[in-house]
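Q: I am new to this structure and would like to go through it step by step. Could we begin with the strands?

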Amino acid sequence: MGYKFVCMDLVDSARKSIKEVNIEEVKNKLDTGHDFILLDIRTESEWAKGHIGGAKYIDRGVLEFHVEAQIPEKSAEVILYCAGGVRSALSVQTLEKMGYTNVASMLEGTNGWEAAGYPMID
């Protein structure tokens with residue numbers, strides 16, 4: 001079995017046990033000033049090309065090492081996003097193992113966000 005198949009098995013397994021939210025839910029939370037943390041976990045070069053306004057940034061590669069410094073309250077509502085929802089789904093599972101209790105992954109990530117016509121900022 002190839003790497004891609006193993007990875008997708010991991011993602012499918014993660015998605016069965018985590019909370020996911022759609023793009024419209026995130027947009028509504030941002031528009032209404034809902035108190036939550038939007039966390040971009042893409043690479044630094046992806047972040048630099050454009051990200052969702054109001055988002056915090058931690059590269060997925062160092063998430064476990066930096067998240068507690070940026071988000072010390074483990075009960076805080078945190079919505080993670082990446083480009084397509086794969087890295088964020090796996091990262092939600094990781095944060096739950098670290099004791100975070102109110103985390104979710106944004107379905108479709110920035111690809112879906114931009115396809116919906118929502119703005120990105122530099």
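**Strands, cores and loops**

A: In this predicted model, Val78 and Leu80 point one way from β4, while Ile79 and Tyr81 point the other way, and all are buried.

Q: Why do the side chains go in two directions?

A: In a regular strand the side chains alternate between the two faces of the sheet.

Q: How many bridges join β2 and β4?

A: β2 and β4 pair over 4 bridges, in the parallel sense. Within that pairing, leucine 39 stands opposite leucine 80 in β4, and leucine 38 stands opposite isoleucine 79.

Q: What about β2 and β3?

A: These two strands run parallel and are joined by 2 bridges. Leucine 39 has lysine 56 as its bridge partner in β3.

Q: And on the β5 side of β4?

A: β4 and β5 also run parallel, with 3 bridges between them. The bridge partner of valine 78 in β5 is valine 103.

Q: Changing topic: how many residues are in the largest nonpolar core?

A: That core has 17 residues. Leu39, Leu63, Ile71, Val78 and Leu80 are those with the most contacts inside it. Two or more residues come from each of β2 (37–40), α4 (63–70), β4 (78–81) and α5 (86–97). The element that gives the most is α5, with 3 residues.

Q: Which residues does leucine 80 touch?

A: Leaving out residues up to four places away in sequence, leucine 80 touches Leu39, Ile41, Leu63, Ser88, Ser91, Val92, Leu95, Val103, Ala104, Ser105 and Met106.

Q: What does the second core include?

A: The second core is separate and has 13 residues, including Val21, Trp47, Ala104 and Trp113.

Q: Now the loops. Is arginine 42 buried or exposed?

A: Arginine 42 is buried, because its relative accessible area is 4%, and the cut-off for buried is under 20%. This residue lies in the loop between β2 and α3 (44–49).

Q: Which backbone oxygen lies 2.6 Å from a polar atom of that side chain?

A: The backbone oxygen of glycine 50 lies 2.6 Å from a polar atom of the arginine 42 side chain.

Q: And tyrosine 100, buried or exposed?

A: Tyrosine 100 is buried too, with a relative accessible area of 3%. Its place is in the loop between α5 and β5.

Q: What is it in contact with?

A: Setting aside neighbours within four places in sequence, tyrosine 100 is in contact with Val67, Glu68, Ile71, Glu73, Lys74 and Leu95. With one of these, isoleucine 71, the backbone oxygen lies 2.5 Å from a polar atom of the tyrosine 100 side chain.

Q: How far apart are tyrosine 100 and tyrosine 57?

A: They are 43 residues apart in sequence, and 17 Å apart in space from C-alpha to C-alpha.

Q: One last point: what is the phi of glutamate 108?

A: Glutamate 108 has a positive phi of about 70°, although it is not a glycine. This residue is in the loop between β5 and α6 (109–115).

Notes:
Residues are numbered from 1 along each chain as its sequence is written. This is a predicted model: local features need pLDDT of at least 70, side-chain atom pairs count only at pLDDT 80 or more; totals for chains, interfaces and linings use all residues. Side-chain values use heavy atoms; hydrogens and water are left out. A nonpolar core is a set of buried Ala, Val, Leu, Ile, Met, Phe, Trp, Tyr and Cys residues joined through side-chain atoms within 4.5 Å. Buried means under 20% relative accessible area, exposed over 50%, partly exposed in between (1.4 Å probe, protein chains only). Contact means heavy atoms within 4.5 Å. Two strands pair if DSSP finds at least two bridges between them. A polar contact is a pair of N or O atoms within 3.5 Å; within protein, one must be able to donate a hydrogen and the other to accept it, and residues adjacent in sequence count only if both atoms are side-chain atoms.
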